[in-house]
Amino acid sequence: MTQPTTQLRLALDWTPNTNHTGFYVAEAKGYYAASGLEVIITTPEQDNYQLSPAKQLAEQRVELAVAPSESVLSYHSLSAAHPKLCAIATLLQEDTSAIVTLCSSQLDRPAKLDGRVYASYNARFEDAIVRLMIRQDGGQGDFKTVTPAKLGIPYTLKQGTADATWVFMGWEGIEAQRQGEQLHAFRLADYDLPYGYTPVLVAHPDSLKTRAEALQAFLAATARGYQFAAAAPDEAADILCDLAQHSSLSDRDFVRESQHYLSSHYLTPDGHWGRMAAERWQMFIDWLINERILTNLDGSPLQASDLQLEQVFSNAYLPA
């Protein structure tokens, strides 16, 4: 008897890249199909990033979304009319992102970004985090912001329209290096900024109640996909290129190099994918609150008591 198929829609945070490899491996290897799932993957190109993945999820246009942890916290700072989105897995165990500048610019430390141009994704807490990094390095945190089309932001440094921006070193960082562009990379941890998990897989609270079994099946299959990618990066990179069929994946050597970079970042030391530590979430939240970054839309600061950690993230849907 044929197993009934459950459809799940997944909104990626960017064009297909090695952060997402586990999803494509799970599809190609038949892990989703074997779990009775049909997974439809969408990318921001389909509406030119008019709706963020988190917004699509909040409006229940999709069942799952990939987003930074800040997006989850943002929805917990809104009115009761907005859903409290929940992170149910992290794609990476370590933060591989950084604020970058071109080495040729001689902007070799965050403090030198005072008066310079930062290309922003216009994320709600983004500019405040960058400002704090500059101040941690002895600067004033006084920079200019431009908000280009999101999918073009990583290329603003080369184009000369910005002096700094935020990228993933495992993708844009490697891409720049292969193109002969040397980058200064300022990682938040190097400036005592306790950043959270990014990117994370996010679900709507309604789905956690009504579609828990499907979400558990999805996470189990996806975990197998990421475990495969960690063990066989070259084959996983080829699967990503072949299945996603995206122009940004045309250089297989680049994708394989990126895959090797990330292969050690997918899993916990004991081989689990997706698991998150409450201490890391709490540290990030406390820092955002102490720095008065985490506020309501009217600008009034949130208190730790305003957030319930068990609603912000959960490991409960991951395989044991």
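Student: Okay, starting with Gln60, what is its relative accessible area?
Tutor: In this predicted model, Gln60 has a relative accessible area of 41%, so it counts as partly exposed.

Student: And where in the chain is the place of Gln60?
Tutor: Gln60 sits in the loop that runs between helix H3 (53–58) and strand S3 (64–67).

Student: What about Gln106, what is its phi near?
Tutor: Phi of Gln106 is near 65°, which is again a positive value in a residue other than glycine. You will find Gln106 in the loop between strand S5 (97–102) and strand S6 (117–119).

Student: Is Gln106 buried or exposed?
Tutor: Gln106 is exposed, because its relative accessible area of 61% is over the 50% cut-off for that word.

Student: New topic: which peptide bond is cis?
Tutor: The bond from Thr198 to Pro199 is cis, and its omega is near -10°. Pro199 belongs to the loop between strand S9 (183–186) and strand S10 (200–203).

Student: Since S9 came up, what order do the five strands take in the open sheet?
Tutor: The order is S7-S6-S8-S5-S9, and the pairing in this open sheet is mixed. The strands at the edges are strand S7 (144–146) and S9, each of which pairs on one side only. From one strand to the next, the twist averages 35°.

Student: What holds strands of a sheet together in general?
Tutor: Strands of a sheet pair through backbone hydrogen bonds, and they can do this in a parallel or an antiparallel way.

Student: How many residues of H7 are buried?
Tutor: Eight of the ten residues of H7 are buried, so the helix is mostly covered. Among the buried ones are Met169, Trp171, Glu172, Ile174 and Glu175. The buried residues of H7 pack against S5, S8, S9 and H11. After H7 comes Gly180, whose phi is positive, near 80°.

Student: You mentioned H11, so how does it cross H10?
Tutor: The axes of helix H10 (residues 233–244) and helix H11 (residues 252–262) come within 9 Å and cross at roughly 130°. That angle makes H10 oblique to H11, and H10 passes H11 in a right-handed crossing. The residues in contact include Pro233, Ala237 and Cys241 of H10, together with Val255 and His260 of H11.

Student: Back to S3, which of its residues are buried on each side?
Tutor: Both faces of S3 are covered, with Leu64 and Val66 buried on one side and Ala65 and Ala67 buried on the other.

Student: Last one, how many residues are in the largest nonpolar core?
Tutor: The largest nonpolar core has 60 residues, and those with the most contacts inside it are Ile99, Trp166, Trp281 and Leu294. Helix H12 (residues 278–290) gives the most to this core, with six residues. Apart from this core lies another one, of 47 residues, with Leu64, Leu201, Leu208 and Ala221 among them.

Student: What does Leu294 touch, leaving out residues up to four places away in sequence?
Tutor: Leu294 touches several residues, including Leu73, Phe125, Ile285, Leu288, Pro301 and Leu307.

Notes: Residues numbered from 1 in each chain as written. Predicted model: local features only at pLDDT ≥ 70, side-chain atom pairs only at ≥ 80, totals over all residues. Heavy atoms only, no water. Core = buried A, V, L, I, M, F, W, Y, C linked by side-chain atoms within 4.5 Å. Buried < 20%, exposed > 50% of the residue type's maximum accessible area, 1.4 Å probe, protein only. Helix = DSSP H or I, 4+ residues; strand = E, 2+ residues; numbered from the N terminus. Contact = heavy atoms within 4.5 Å. Pairing = 2+ DSSP bridges. Axes fitted to C-alpha atoms, helices over the stretch in contact; angles between N-to-C directions. Parallel < 35°, antiparallel > 145°, perpendicular 65-115°, else oblique. Left-handed = near helix turned anticlockwise from the far one by under 90°.
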